[in-house]
Amino acid sequence: MIIYLKNKHTLLIDDFYFKCCIGKNGLSKKKIEGDKKTPIGRFSIEHLYYRSDRVKNFSTKLKCIEIKKNLGWCDDPLDQKNYNKLISIKKTIKCEKLHRKDHKYDLIIPIKYNYPKPIKFKGSCIFIHLTNNYKPTAGCIALQKKDFLIMLKLIDKKTKIQIN
């Protein structure tokens with residue numbers, strides 16, 4: 001199964017078209033940390049991370065990991081050990097917190113970009129996550145919750161995402 005980004009506003013999965021949004025500065029073959037661009041290429045996807053206090057009754061073939069208050073994703077390119085990886089939050093590690101007050105990360109699937117051996121400054125924290133308003137992201141791809149829940153039923157751990 002392949003998820004296709006057809007254009008900056010449309011994801012295609014099987015016969016399902018979903019409205020989406022991407023990075024504020026569009027697409028890039030040469031992504032760098034903080035450029036607000038969505039990377040071009042074909043990538044595998046990670047597990048589903050979810051907020052059990054906010055999302056219930058979903059169906060997926062992906063491995064599911066509950067987002068706890070201490071989970072983060074390292075976005076510090078100078079931290080070679082942790083860069084672009086799931087971490088337990090520590091004051092000494094710069095990271096994107098996954099347990100947020102807003103609802104963007106109630107459901108997230110990391111895209112395996114700059115993975116498994118991340119290159120410094122090439123970009124991190126590229127997720128498929130939620131949006132309410134389709135405002136451009138910092139480089140991720142975002143869908144409304146109802147569409148994300150449909151997508152979860154269609155994909156599995158072998159699914160790839162094609163971003164052109």
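Which residues line the largest cavity? Select Glu46, Trp73, Asn84, Pro110, Ile111, Lys112, Tyr113, Tyr115, Ser124, Cys125, Ile126 and Phe127. The model is predicted, so local features need pLDDT of at least 70 and side-chain atom pairs pLDDT 80 or more, while totals for chains, interfaces and linings use all residues. Residues are numbered from 1 along each chain as its sequence is written, and side-chain values use heavy atoms, without hydrogens and water.

A cavity is a set of points on a 1 Å grid over the protein atoms alone where a 1.4 Å probe fits but cannot get out; lining residues have an atom within 4 Å of a point. The largest cavity holds about 70 Å³, a volume being the space filled by probe spheres set on the points.

Next, select Ile111, whose contacts (heavy atoms within 4.5 Å) include Phe43, Ile126, Phe127 and Ile161. Ile111 is also among the residues that touch the most other members of the largest nonpolar core, which has 29 residues. Such a core joins buried Ala, Val, Leu, Ile, Met, Phe, Trp, Tyr and Cys residues through side-chain atoms within 4.5 Å; buried means under 20% relative accessible area, exposed over 50%, partly exposed in between (1.4 Å probe, protein chains only). A second, separate core of ten residues includes Trp73 and Leu98.

Then turn to the salt bridges (a side-chain nitrogen of Lys or Arg within 4 Å of a carboxyl oxygen of Asp or Glu). Arg51 pairs with Asp53 at 2.8 Å, and Arg51 is buried at 3% relative accessible area. Finally, select Glu96, Arg100 and Asp102, which are linked in a network of salt bridges.

Terms used:
1 Å grid on protein atoms, 1.4 Å probe; cavity = no way out; pocket = protein on both sides within 12 Å on 5 of 7 lines; lining within 4 Å. Lists of a residue's contacts leave out its neighbours within four places in sequence.
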